[in-house]
Each structure stands twice: as C-alpha cells, then as structure tokens.
Amino acid sequence: MMDTLRIGIVGLGSILPMHLTPIVHFQDSELVCVCDIKPDRVKAIETKYHVKGYVDYKEMIQNERIDAVHVCVPHYMHPIITNYALTKGVHVLSEKPMSINYEDGEKNVLLAKEMNLQYGVIFQCRYNTASQLVKKYLDNGALGKVLSARVVLTWDKPDSYYVLSDWKGTWDKEGGGVVIDQAIHSLDLANWFINDEIESVQANLSNRNHKIMEVDDSGEGFVKYKHGSTLGFWAMNNYSCDEPIEIRLNCEKGKAVLSYEKAEITLNTGEVISAVQQIDPDINYEGGKDYWGFQHIKQIRQFYDSVKAGLEPEISGREALKIQKLICAIYESSRTKRIVDLGSREGKVK
Ligand SMILES: NC(=O)c1ccc[n+]([C@@H]2O[C@H](COP(=O)([O-])OP(=O)(O)OC[C@H]3O[C@@H](n4cnc5c(N)ncnc54)[C@H](O)[C@@H]3O)[C@@H](O)[C@H]2O)c1
C-alpha cells in the first residue's frame, strides 16, 4: 500500500481551492504537479507551492510519476483527460459532470474497471451534514419509501457571469446550462435519496433571460421511478441572488426538508430531527464559495482512502452514471419534446 499519494491537478480555475487545500492539508497526499493551458495560472501555483507546472496535460501525465489526477477543467474535457489518465495507469478524480453525454462516461467507467483503477466523480453535496442525515433516515427505514421529491433552485447567473467565461453558456463546452452545471447537485441528491431505477423523464428547458449565451437558464421536469416514486424539479438562473437550494421529500413515514446548510425531518409520529452544516473552522479555502458546500475535502478523503485500499470509491464513475443518465434524459426530453423512456434502455455498465 502506498504511504503518500502523489497528486496532479489539471485545471487551475475557480474550483481549484476546493481541491488544492485538501491535497496540501492531508498528511498522506503530496501535490506534485499542476497543469493549465493558461501559463500565468501555472506559474502562480508553481511558485507558491514549489511544484512542477505544465501547459499540456498529456506531457504532465507522461513525465510525472503520479498516483492520481484531479480533473478540474471545462465539462467537455472531463472524459478526454479522464480517458488519457486511465490509459496511462493513473487514478482519476473528476469534477462533475463526468461528461457531457452518457456514452463517454460509460466508456471511462468500463476502462477504469479494465485497468483496475479508481475513478471518482465529485458530488460533494452528498457529504453535507444535512444530506447525510436524510440519507441515514432513508437507509435505516425510519422515513420509509420516498413517495415524491421536489427540487427547487433559484440562483443568480447574469450575463456578466457568462461574459467572464470562455466555455460556460455553450452547448459544445458546457453541454447545457442550469441543469447540467448548477441543478445537477440537487438532482443528484434527490436521485440518491430515491435510490431506484428511473422509468421515464419529461422536461422543458429554455433560455428566458440571457442574451449572450445559448444554453438553458430555466427548466422544469418530472421523473418517474420503477417502484412508484416521483421527482419534480424547477431550476433557474434568473433570480436576483443565490438562494439556498431546497429539496423536499414526502415519504411513507414522514417528511424531510433540506438545503445545503440544514435538514429537518418530521416523522409521522411527531418526532422532529434536524442537522446543521458543520465546517472545519481551521481550513481556509482562499476563494471557495458558500453554495459549493465546503465538502470537497470529505469526498477527496474518501477517494484517497479507496485508492489506498484498492476499493471502489463511494461516488465512483459507476455511481455517477446514475445522475448522468438522468441529466442526459432531461436534455433529450426537452430537445425532442417527448417523454424519455429509460426503463426500456439497456446500459453496458451493471
Ligand atoms: N463541485 C462543485 O460544486 C463545483 C463548483 C464550481 C465548479 N465546478 C466544476 O469544476 C470544473 C471547472 O470549473 P471552474 O469554475 O473552475 O472553471 P474555470 O473556467 O474557472 O477553470 C477551468 C480551468 O481549466 C483550464 N483549462 C481549460 N482547458 C484545459 C486543458 N485542455 N488543459 C488544462 N487546463 C485547461 C482553463 O484555462 C481554466 O483555468 C467544471 O467542471 C465545473 O463544473 C464544480
């Protein structure tokens, strides 16, 4: 078993602090190299952390003896870099989403298995105190089955947000808008809570208030599951501030309401159980944002433990395919204006 994990990062943009801080914080991981196509970003990290910098991820992966790479680049590059690293025998922790389409994600899940490597995809909101409480009460049967789930997200992403980015707001590089980039976390939580196979998906997405970008800034949809649960969602980036997301579950034996910061469960017996987010006050992320949830560190820890033990991480590529399937079906339904029947589709990954 390796004592210290040698780590590389590809992509030195806004999400960087949430990856870099844990790598430097843990006793058993060492930041060895970084890569970005923007040389000034590489230079800044090279100088501050005394690591080797690259502008070409292939060169970095070939030249450096690293155990794992964190993939923190625009969406369309996730499966490409993941595929390259896996081929070269390097474990991968990719930012969400695993890819823009389903097939590329599926291909890498199969490749990781074939290469006997660990492949994780970041969905840090699962590690929020609120999410963990609700999941526990579902898993231990106290809440019973989820009858219906409701997701609401109203955030503020004005045109100026898209002006600042050379990839957000485009179909080819971001792969969509509010659904694939922002609501993906809350939809993943709801899908994880329901924990059943999806039967069908109906959705309507549109761009209602953005002039300078082409993808969805609003969307609503309805999902049916094999054993009767349903999921309804409404998401939009046209609000005047970033409100906490809200997920409500109506279950056989009670209800749950959660945001990132807190969860409240009310059982049919009248018992109320609640949880409030715990954040380690000793860790300074230097630029992280509240609504990201500050739980990357927990997922990265779990991923490293899995790599060291040779076990599949909790949020593996295989696990991430579940939300990838839902996200892709939402876009397909909106594009085709049809109900997408997932129940009849066979995947290659079991
Ligand atoms: N988990 C979360 O809550 C969360 C929050 C924010 C962002 N993200 C994700 O993190 C990823 C990056 O987002 P961001 O906001 O940091 O974007 P960003 O645009 O700020 O940074 C992306 C960086 O990747 C670099 N890059 C682009 N192509 C590259 C390539 N081929 N090789 C090397 N570097 C390349 C860019 O130069 C840029 O520095 C996205 O997948 C995004 O969805 C996740």
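Start with strand E10, residues 230-236, which runs antiparallel to E9 and is joined to it by seven bridges. Strands here are DSSP runs of E with at least two residues, numbered from the N terminus; two of them pair if DSSP finds at least two bridges between them. The model is predicted: local features need pLDDT of at least 70, side-chain atom pairs count only at pLDDT 80 or more, and totals for chains, interfaces and linings use all residues. Residues are numbered from 1 along each chain as its sequence is written, and side-chain values use heavy atoms, with hydrogens and water left out.

Select Ser 218 and Met 236: they are bridge partners. Next, pick Gly 228. This glycine lies in the turn of the E9-E10 hairpin, which has four residues between its strands, and its phi is positive, about 100 degrees.

Now show E8, residues 198-206. Eight bridges pair E8 with E9, residues 218-225, in the antiparallel sense. Ser 200 stands opposite Lys 224.

Check the polar contacts, here pairs of N or O atoms within 3.5 Å:

- Ser 14: a polar side-chain atom lies 2.6 Å from a ligand oxygen.
- Trp 167: a side-chain N or O atom is 2.8 Å from a ligand oxygen.
- Ile 37: a backbone N or O atom lies 3.5 Å from a ligand nitrogen.

Alone, the ligand exposes 850 Å², and the protein buries 90% of that (Shrake-Rupley method, 1.4 Å probe).

Definitions and conventions:
Polar contact = N/O pair within 3.5 Å; in protein donor to acceptor, adjacent residues only side chain to side chain.
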